[in-house]
Amino acid sequence: MERGVNVPQSYRLVRRDARAERTIVRLSSGATFGGDEIAICAGPCGVESAEQLDQAAAAVAAAGANVLRGGAYKPRSSPYSFQGLGEEGLKMLRDSGDRYGLGVVTEVLDPRDVEKVTRYADMLQIGTRNMQNFPLLREVGATRVPVLLKRGLSATVQEWLLAAEYVMLGGNENVVLCERGVRSFDPATRNLLDIAVVPLLEGMTHLPVIVDPSHAMGIARLVPPTAVASIAAGAHGLLIEVHPDPANALSDGAQSLDCEQFALLMLRLALVAEVAGRRLPQRVKPAAVAPNGQRKADGAVRSSKSGVKLA
Ligand code: PEP
Ligand code: MN
């Protein structure tokens, strides 16, 4: 156990020294979280239609992502906002995931839906608002399907690890932690991204940790630099919202990258992953990329002189 890092005995299962090796979580699609390969989960905030999802899935797969994200059950602050397509959305996720060879991660809001969601998804997302929904944690803990456990809106690291402990106590050892920003005093960004929690957790738990810069920032322009910083800090993966037409998204359009912006980000991530001793799921040829992340004169990505901004 790392010296100076306070890990109470109450973390029996998640604590770093409960295991000789770090946990690697593997989806049935083959994607892994926790090893040398970074997991890139990308896709729209919400599944809006088969066409919208399919366009996003095609684009993120072509850019090198290995997991498709998208909400079929949306936890919206207002009951009048788009709530998701439910089981129809789950079917669309499965179809597009299979078409492009992507794993599927999607949020489950209600313990009564867990069994249904496991029929379509490779990974169950517990959203920030449900991090301490203990019946839901127990329900996903009773499955053996990998769980993506987002940090609560203002959860301490201790509360977050104890939520993971609930899942593991049910026998489900396939837990990935996801930092997605916490509430702060300052509304300048949607949340405050705690990048330091990545190396902090590395000393506290054997579980993999990924970062969701989209919900942390709330502003698309800020997603690429914070995604790059997260990988540099040692994150085992990223969760990134990508929409074919962010301006017309039914949820979280302001923080969604369009397909070209995501492809550009992947080029940058390939470089920083290498520096961090990791690799992307599908390698983008580094030879085609200049150190600033712009692709060299092959025409696919224009230089900044042509007005394409990278961050
Ligand atoms: C999401 O991933 O779309 C989502 C609702 O995330 P969070 O729970 O982090 O707000
Ligand atoms: Mn969202």
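An oxygen atom of ligand 1 lies 2.9 Å from an N or O atom in the side chain of Lys74, a polar contact in the sense of a pair of N or O atoms within 3.5 Å (within protein, one atom must be able to donate a hydrogen and the other to accept it, and residues adjacent in sequence count only if both atoms are side-chain atoms). The side chain of Arg129 likewise places an N or O atom 3.1 Å from an oxygen atom of ligand 1, and a polar side-chain atom of Arg180 is found 2.7 Å from an oxygen atom of this ligand. Of the 300 Å² of accessible area that ligand 1 has on its own, the protein covers 97%; such areas come from the Shrake-Rupley method with a 1.4 Å probe, and for residues only the protein chains shown count as cover. The surroundings of ligand 1 comprise 13 residues, the closest being Arg69, Gln125, Thr128, Lys150 and Arg180, where a residue is near a molecule or strand if one of its heavy atoms lies within 4 Å of it.

The model is predicted, so local features need pLDDT of at least 70 and side-chain atom pairs count only at pLDDT 80 or more, whereas totals for chains, interfaces and linings use all residues. Residues are numbered from 1 along each chain as its sequence is written, chains are lettered from A and ligands numbered from 1 in the order in which they are written, and side-chain values use heavy atoms, with hydrogens and water left out.

Cys45 (SG), His215 (NE2), Glu241 (OE) and Asp252 (OD) coordinate the manganese ion (ligand 2) at 2.0 to 2.3 Å. Donors are N, O and S atoms within 2.8 Å of the metal (3.2 Å for Na, K and Ca), and sites may look incomplete because water is not among the atoms. Along the chain, the donors of the manganese ion (ligand 2) have the spacing C-x169-H-x25-E-x10-D. Cys45, in the loop between strand 3 (39-43) and helix 1 (50-63), and His215, in helix 7, are 170 residues apart, a pair that links distant parts of the chain. Helices (H or I, at least four residues) and strands (E, at least two) are DSSP runs, numbered from the N terminus. Cys45 has 3% relative accessibility and therefore counts as buried; His215, at 9%, is also buried. Buried means under 20% relative accessible area, exposed over 50%, and partly exposed in between (1.4 Å probe, protein chains only).

Helix 8 is a further element to follow. Because 7 of the 10 residues of helix 8 (residues 223-232) are buried, this helix is largely enclosed by the rest of the structure. The buried residues in question are Val223, Pro224, Thr226, Ala227, Val228, Ser230 and Ile231. Their cover includes strand 9 (209-211), helix 7 (213-217), strand 10 (237-241) and helix 9 (259-275), a contact meaning heavy atoms within 4.5 Å. Just after helix 8, Gly234 adopts a positive phi of about 110°.

Charged side chains supply another set of links. Side chains of opposite charge can pair when their charged atoms come close. The structure holds 16 salt bridges, each defined by a side-chain nitrogen of Lys or Arg within 4 Å of a carboxyl oxygen of Asp or Glu. One of them joins Arg19 to Glu173, with the closest N and O atoms 3.1 Å apart. Arg19 lies in the segment before strand 1 (25-26) and Glu173 in the loop between helix 5 (157-169) and strand 8 (175-179), so this pair ties together parts 154 residues apart in sequence. Arg19 is partly exposed at 25% relative accessible area, and Glu173 is partly exposed at 42%.

Arg151 takes part in two of the pairings described here: with Glu179 (2.9 Å, N to O) and with Asp194 (2.9 Å, N to O). Arg151 lies in the loop between strand 7 and helix 5 and Asp194 in the loop between strand 8 and helix 6 (197-204), so their pairing ties together parts 43 residues apart in sequence. Asp194 is partly exposed, with a relative accessible area of 24%. By contrast, Glu179 is buried at 0% relative accessibility, and Arg151 is buried at 6%.

For the protein overall, the secondary structure comes to 9 helices and 10 strands. Buried residues make up 56% of its 311 residues.
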